[in-house]
Amino acid sequence: MKIIKISIVLVGLTLFSLSCQKFLDEKSYNADYTYYNTASGLEALVTASYQQTRWCVNSETQYPFEDMGTDLFSLGGDGSHRDAFGQFLSTGMTPQYGLLQSFWDNNYKGIASCNLGLQTLASNTDMAASLKAIHKGEMLFLRAYYYYELVIQFGNIPLQTTPINSVKTDFARVPQKKIWAQIISDARQAWALLPWADAGGKVNGDFGRAGKGAAGHLLAKAYMFRYCDKYTKSQTDANMNEDRGGLTTDIDSVIYFASQVCNYGSGAGSGSNHALASDYATLWGWNPKTGLIAEYMGPEIVFSINNSTTYFYNNAAATDVNTNGNQLHLYYTGQFENYTLSTKLESGTSVAWGNNVGVARNLITGRPWRRVAPTKWYYSDNGLYAAKDYATGKLGKLIDSRLYKTGVWVFFCNGTPDAKWAAYSNGAGSFDPASIGMTAGAQRYAVGDTAILLSLDNVDTRFATGTHYEKLALARAKEKYWYIPMQSIIWPVTRADVSGYDRATNQFPPFAKFLDSRRAATNDQGGYRNFYRMRLAETYILLSEAYARKADFANAAATLNKVRDRAAWKAGELKDCQYWKYDGGTYATATASTVTDMEVTAAFLGGFSDTQLTDFYCDEMGHETAGELNRFDMLVRYGADYWYNRVKADDYWVSNDNGVSNGNIHLYHRFRPIPQTYIDAVNPPDPNPQNYGYY
């Protein structure tokens with residue numbers, strides 16, 4: 001591992017080499033700057049420039065910035081950062097909050113590494129010019145990426161494009177439009193220098209290096225974000241108006257670069273080898289009975305943040321299983337081990353059908369830290385998968401496979417179950433196991449059978465009489481497995497009530513996108529999965545929205561249908577059993593195609609108002625990329641008002657402080673506070689040191 005240390009007041013810069021695939025696996029030794037005059041030294045410095053991309057998955061780091069406290073994800077039943085990011089408490093979201101400093105420092109370390117690399121490239125004579133050009137493109141892309149991460153969260157920030165080789169304290173924040181101009185300039189230069197990934201997703205033989213597709217994808221996102229400042233100039237609070245320097249031609253630039261990456265439409269013939277995976281489930285490779293089938297490493301991945309199965313190459317000691325690696329498998333996972341088979345009624349009494357569900361923690365069920373949980377809106381029939389987003393007016397749960405393929409909806413018995421059949425009656429009705437050929441007192445299932453099944457069912461619609469929890473108890477009495485209908489279990493209204501079973505903050509379908517059964521032991525925190533930071537499906541959605549913003553709805557529909565067709569259930573593909581048992585489908589149509597139902601038309605998209613179009617594309621990005629650390633980016637793209645109103649409407653934890661007050665979220669929370677450590681270190685003082693609303 002090559003270690004380069006530079007004393008710098010702004011970030012206390014320390015660079016470490018990144019190791020994931022062959023281009024990242026290196027031997028350990030120290031070197032000073034003269035080492036970079038050699039080809040091997042320069043190669044090491046380029047590799048080091050990737051290191052800070054890993055921060056987002058290495059620990060409890062970026063998920064609070066991107067997912068917690070949004071319309072899709074609320075605070076979970078346990079964990080950190082809930083005060084600051086889950087409920088925006090004034091005691092949490094402050095300039096002193098350590099995670100803000102960590103985010104700031106990490107990205108400026110990455111920028112410093114790129115600045116040093118770019119300077120060194122210019123003077124190095126030991127490396128072939130063709131390879132130097134590619135490496136220059138990589139570092140320009142990475143610098144643009146790190147600035148993109150910062151400007152989204154903080155707005156006005158310092159801009160530094162040259163190395164700092166001595167103590168420097170005279171930093172000042174510049175308007176964010178200058179940052180956007182730098183991002184676009186860097187990414188355009190990278191675009192010109194970088195090659196396309198090959199058909200296997202590799203750049204120069206390595207999966208994980210940035211290629212032309214990564215630069216083009218970042219350009220499409222940056223141009224779209226800058227274009228959308230037309231929505232940000234007249235916010236409810238004028239202090240939250242934004243000037244990103246947007247141009248009317250920015251939307252054309254989105255189309256140009258996105259279509260090139262997609263090799264589609266006006267960009268057809270670009271030479272891009274990126275292509276969508278044939279099945280959405282293939283991307284995650286998860287089987288709830290056997291675990292990880294295969295990790296996808298193919299042409300849909302435009303930019304991957306890699307992790308190694310060797311802990312040393314994840315910047316951890318060889319025996320340190322809890323430091324670094326991809327730890328997202330911990331945070332989006334519900335708790336199901338040793339579920340007690342009882343339902344608490346409104347009277348305070350409980351009815352039970354046994355003592356143990358027979359599901360124990362292992363490498364398949366995962367380690368459930370449940371830091372974030374999907375909001376109620378995520379599951380509601382009027383929520384993320386509502387009929388309004390589908391041209392045929394059908395609910396997404398009937399036609400959109402991404403809902404079920406994103407999560408784990410069934411758990412199999414892997415222990416000793418104690419779940420017995422019993423006759424049961426209450427105000428909602430009666431059930432006798434004999435009516436379905438079962439015997440009271442007999443075990444419902446055995447090892448290997450379905451032990452837990454989750455659904456989107458709302459039991460209030462199934463029974464005409466009885467209280468809500470009587471209906472839930474009766475529904476459970478009738479099922480062979482332990483039944484968890486997400487719209488019917490407890491939605492806690494206070495922080496004191498988030499713990500325990502039958503709570504949506506604890507029991508929710510884990511996200512298959514991050515689960516990893518290859519860890520040596522169940523409680524190992526450091527996972528091995530690569531993190532897909534940019535996917536081609538997102539590029540297609542950006543391209544579709546850009547066409548729609550230009551009122552070219554024919555191309556908008558044709559482009560989006562590339563993603564929608566992949567998301568549909570295909571002819572002969574068996575839908576999850578929830579489809580015919582609870583969602584309103586029939587077993588006769590369980591293998592019918594939903595491609596036609598999923599496709600949009602030009603007339604459908606053209607019928608939306610501008611605001612409805614924004615809602616539609618926010619929903620579509622949620623369908624496709626929920627949990628992939630980009631939700632905050634998507635919402636604030638359209639300004640503080642849009643972000644605020646969307647979160648207030650759809651995340652009940654922040655909307656009204658659960659009935660206690662009007663809530664703690666404010667428009668100024670659209671930007672995060674500038675870390676106090678930066679403010680204190682700057683000399684002379686920055687004349688505009690802090691974002692509006694913070695002190």
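In which kind of crossing does α16 pass α20? The crossing is left-handed, meaning that the near helix is turned anticlockwise from the far one by less than a right angle (clockwise would be right-handed). Welcome to this predicted model, where local features need pLDDT of at least 70, side-chain atom pairs count only at pLDDT 80 or more, and totals for chains, interfaces and linings use all residues. Residues are numbered from 1 along each chain as its sequence is written, and side-chain values use heavy atoms, with hydrogens and water left out. Helices (H or I, at least four residues) and strands (E, at least two) are DSSP runs numbered from the N terminus.

**Helix pairs**

- Helix α16 (residues 553-567) and helix α20 (residues 610-625) have axes that come within 11 Å and cross at roughly 25 degrees; axes are lines fitted to C-alpha atoms, for helices over the stretch in contact, and angles run from 0 to 180 degrees between N-to-C directions.
- α16 and α20 are therefore roughly parallel to each other (under 35 degrees is roughly parallel, over 145 roughly antiparallel, 65 to 115 roughly perpendicular and the rest oblique).
- On the α16 side, A556, L560, V563, R564 and R566 make the contact, and on the α20 side F616, Y617, E620 and E624 do; contact means heavy atoms within 4.5 Å.
- By class, this contact of α16 with α20 has five nonpolar, no polar and four charged residues (Ala, Val, Leu, Ile, Met, Phe, Trp, Tyr, Cys and Pro count as nonpolar, Asp, Glu, Lys and Arg as charged, and the others, Gly among them, as polar).
- Helix α1 (residues 39-48) packs with helix α5 (residues 98-123) at about 155 degrees, their axes 9 Å apart, and the two are therefore roughly antiparallel.
- The crossing of α1 and α5 is left-handed.
- From α1, L42, L45 and A48 meet S113, L116, G117, T120 and L121 of α5, a contact with five nonpolar, three polar and no charged residues.
- Helix α6 (residues 129-154) and helix α7 (residues 176-193) pack at about 155 degrees with axes 8 Å apart, which makes α6 roughly antiparallel to α7.
- The crossing of α6 and α7 is left-handed, and their contact has 15 nonpolar, four polar and three charged residues.

- The structure holds 15 cavities of 30 Å³ or more; on a 1 Å grid over the protein atoms alone, a cavity is a set of points where a 1.4 Å probe fits but cannot get out, while a pocket is an open set with protein on both sides within 12 Å along at least five of seven lines, and lining residues have an atom within 4 Å of a point.
- The largest cavity has a volume of about 90 Å³, where volume is the space filled by probe spheres set on grid points joined across faces, edges and corners.
- Residues lining the largest cavity include W284, K513, R529 and E628, and the lining has four nonpolar, two polar and four charged residues.
- About 460 Å³ of space lies in the largest pocket; of the 21 residues that line it, the closest to its centre are W286, P288, Y404, G407 and D576.
- Strand β7 (286-287) and helix α13 (402-406) are the elements that give two or more residues to that pocket lining.
- The lining of the largest pocket has 14 nonpolar, four polar and three charged residues.

**Backbone details**

- N683 and P684 are joined by a cis peptide bond with omega of about 5 degrees, and P684 is found in the segment after α24 (676-681).
- N315, a residue other than glycine, has a positive phi near 65 degrees and lies in the loop between β9 (301-305) and α10 (328-331).
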